[in-house]
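Hi there,

Here is the structure I promised to pass on. Have a look at it first, and my notes on the charged side chains follow below.

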There are 2 protein chains.
Amino acid sequence: MIKIAIIDDHDLFREGIRLVLGQIEDFDVVFDTSDGSLFLEFLQHTIPDVVLMDINMPIIDGVETTEKSLEMRPELKIIALTMFADTTHYTQMINAGVKGFILKKSNKNELQHAITMVNSGGNYFSQEIIQKLAFQTINSNAGNDSLTSREMDILHWVCTGLTTHEIADKLFISAKTVEVHRNNILHKADVRNSAELIIWAVKNNYFSIE
Amino acid sequence: MIKIAIIDDHDLFREGIRLVLGQIEDFDVVFDTSDGSLFLEFLQHTIPDVVLMDINMPIIDGVETTEKSLEMRPELKIIALTMFADTTHYTQMINAGVKGFILKKSNKNELQHAITMVNSGGNYFSQEIIQKLAFQTINSNAGNDSLTSREMDILHWVCTGLTTHEIADKLFISAKTVEVHRNNILHKADVRNSAELIIWAVKNNYFSIE
DNA sequence: TGTGAGCTAAGGGTTTTCCCTTATGTGAGG
DNA sequence: CCTCACATAAGGGAAAACCCTTAGCTCACA
C-alpha cells in the first residue's frame with residue numbers, strides 16, 4: 001500500500017483526486033487538506049509515502065510548505081502539482097527536494113504512473129516540462145535567471161496594474177529604481193512588455209489570479 | 001435518479017467530479033467528455049437532467065457548446081462551471097439559457113446543492129457572483145458593457161503582448177483604429193492600463209492562459 | 001580585503017500607451 | 001428613411017513604458 005497525502009486548496013479538485021486515487025489498488029490516501037500548516041502537524045505523527053503538493057497558491061505557500069515539510073522529514077517524496085509548466089522554478093524546486101512535477105491537466109494514468117515511479121525511488125516530470133527545459137537550453141539564457149526578492153515585489157505590483165510611479169511611492173524608493181527593476185525583470189523573463197510579462201508571471205507562479 | 005453529464009477538458013478534474021457525484025445518492029453521471037462536439041452527438045439519443053459545462057476553454061468552446069446544446073434541446077438544464085466569478089458574461093449566459101453558475105473552487109456540498117436546485121426547476125448562482133453583481137449595480141456602469149467582436153479580436157492580441165502597431169499590421173487596419181478599440185476596451189473593462197486589462201480579460205474568460 | 005550580487009539612483013533618449021476630439025462609411029432595425 | 005451601433009481613421013498632446021549608460025552603497029563570501 002502506497003500511503004498518499006494531498007495538499008491543495010481547491011476543494012473539489014482535491015476531493016476528486018482523493019477518489020480517483022482511492023480507486024487504484026495499492027494506493028491509499030491517508031490525508032488531504034487545503035492548509036499547508038495542517039499538513040506539517042500531520043507530519044509530526046505520520047509519514048506518507050508520496051505527497052501531492054499544489055504549488056499554485058495564494059501567497060506562495062506551496063513552496064514554503066514543501067520546504068518546511070522536507071526540513072521535518074527529509075526522506076519525504078513530494079510531487080509538485082502545477083497548473084502550468086513552470087520552468088523558472090524547477091531548479092529551486094528540485095533543490096528543495098521535489099521528486100516530480102505533474103500538471104493539473106494531466107490524466108489519471110499519468111498521475112498513477114508518477115506516483116508509482118516516485119514511490120519506488122525514481123523521479124517523474126511531465127512531458128511538457130521536459131520539452132520546455134530542452135527548448136530553453138537551446139535558447140541558452142532565455143528566461144533562466146531567477147528573480148531576486150525585490151524583483152518579485154515589483155513584479156507583484158506590476159501585475160496588479162500599478163504604474164512605475166505608484167510602485168515607487170508604495171516602496172518609498174525612486175521611480176527610476178523601479179524602472180531599473182522592471183527592465184531587469186523583462187530581460188530575465190525574456191519578454192518585451194508588461195502584457196507578456198504578466199502572462200509569464202502567471203505561468204511561472206510568480207503571480208496568481210484570484 | 002438525477003442523470004448528469006459533465007463537459008470539461010481537464011481530465012483529472014472531470015474524473016474527480018464524476019466520482020464525487022457518483023458517491024451521492026440519487027446522482028448518476030451518465031456521460032462525461034472533454035469534447036463539446038461529442039456531447040452534442042450524445043444529446044441526439046439521450047437527455048441528461050443536469051449538465052455541468054466548463055466555460056473556461058481554449059477558443060471559447062464552452063459558450064458555443066452551451067448554445068448549440070440548447071438549440072437541440074431547449075429544455076436542458078445547464079450549470080456553468082467557471083474558474084473565476086465572471087460577471088461580464090452573465091447576462092449572455094443567462095440569455096443563452098444557463099440555469100446556474102458555480103465556481104471550480106467550490107466544494108462538494110455546494111455542487112450537490114446547485115445540481116439539486118437546478119434539477120427541480122430552480123437556479124443556482126454561487127455567492128461570489130451574486131456579490132460581484134450587487135457591487136456592480138452600485139457602481140452603475142462599471143464593467144457592464146459587453147465587448148464587440150472586433151474588440152475581442154484586439155483584446156486577444158493585446159493579451160498576447162502585441163503592440164498597437166503590430167496588431168494594426170496583423171489586421172490590416174490603421175494603428176489609430178487599434179488605439180480607439182484599445183481605449184474603448186479599457187473603458188468597458190473599467191481598468192486603467194494593459195496590466196489591469198489582462199487580469200480582467202482572464203477573469204472574465206476573454207483570454208485564457210494555456 | 002577584494003570581488004560580486006543586489007539595491008539604489010540619475011541622465012537622456014525612443015517608443016508605446018493613454019486620452020481627448022472630430023469625422024466618415026456601412027449595415028441592421030424601427 | 002433615418003437613426004444607432006460599429007469600424008474605420010486622424011490630429012495632437014500627456015503620461016508611462018522601455019532601453020541604454022554610469023555609479024555609489026552594502027552585505028556576504030571567499
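A:Glu151 and A:Lys188 are both buried. Their side chains form a salt bridge, with 2.8 Å from N to O. This pair connects distant parts of the chain, since A:Glu151 lies in helix 7 (residues 149–159) of chain A and A:Lys188 in helix 9 (residues 175–189) of chain A, 37 residues apart. Please keep in mind that this is a predicted model.

Chain A has another buried pair to show you: A:Lys104 and A:Asp8. They make a salt bridge in which the closest N and O atoms are 3.1 Å apart. Here the two residues are 96 apart, with A:Lys104 in the loop between strand 5 (98–103) and helix 5 (108–119), and A:Asp8 in the loop between strand 1 (2–7) and helix 1 (11–22).

Over in chain B, B:Glu64 and B:Lys68 also meet in a salt bridge, at 3.3 Å from N to O. They sit 4 residues apart in helix 3 (residues 61–72), so about one helical turn separates them. B:Glu64 is partly exposed, at 35% relative accessible area, and B:Lys68 is partly exposed too, at 40%.

Salt bridges with shared partners also join A:Lys108, B:Asp11, B:Arg14, B:Glu15, B:Arg18 and B:Asp32 into one network. Within it, B:Arg14 belongs to helix 1 (residues 11–22) of chain B and is buried, because its relative accessible area is 12%, under the 20% cut-off. Its side chain reaches the backbone oxygen of B:Asp8 at 2.8 Å.

Over all chains, the search found 27 salt bridges.

Best wishes

Methods. Residues numbered from 1 in each chain as written. Chains lettered and ligands numbered in written order. Predicted model: local features only at pLDDT ≥ 70, side-chain atom pairs only at ≥ 80, totals over all residues. Heavy atoms only, no water. Buried < 20%, exposed > 50% of the residue type's maximum accessible area, 1.4 Å probe, protein only. Polar contact = N/O pair within 3.5 Å; in protein donor to acceptor, adjacent residues only side chain to side chain. Salt bridge = Lys/Arg side-chain N within 4 Å of Asp/Glu carboxyl O.
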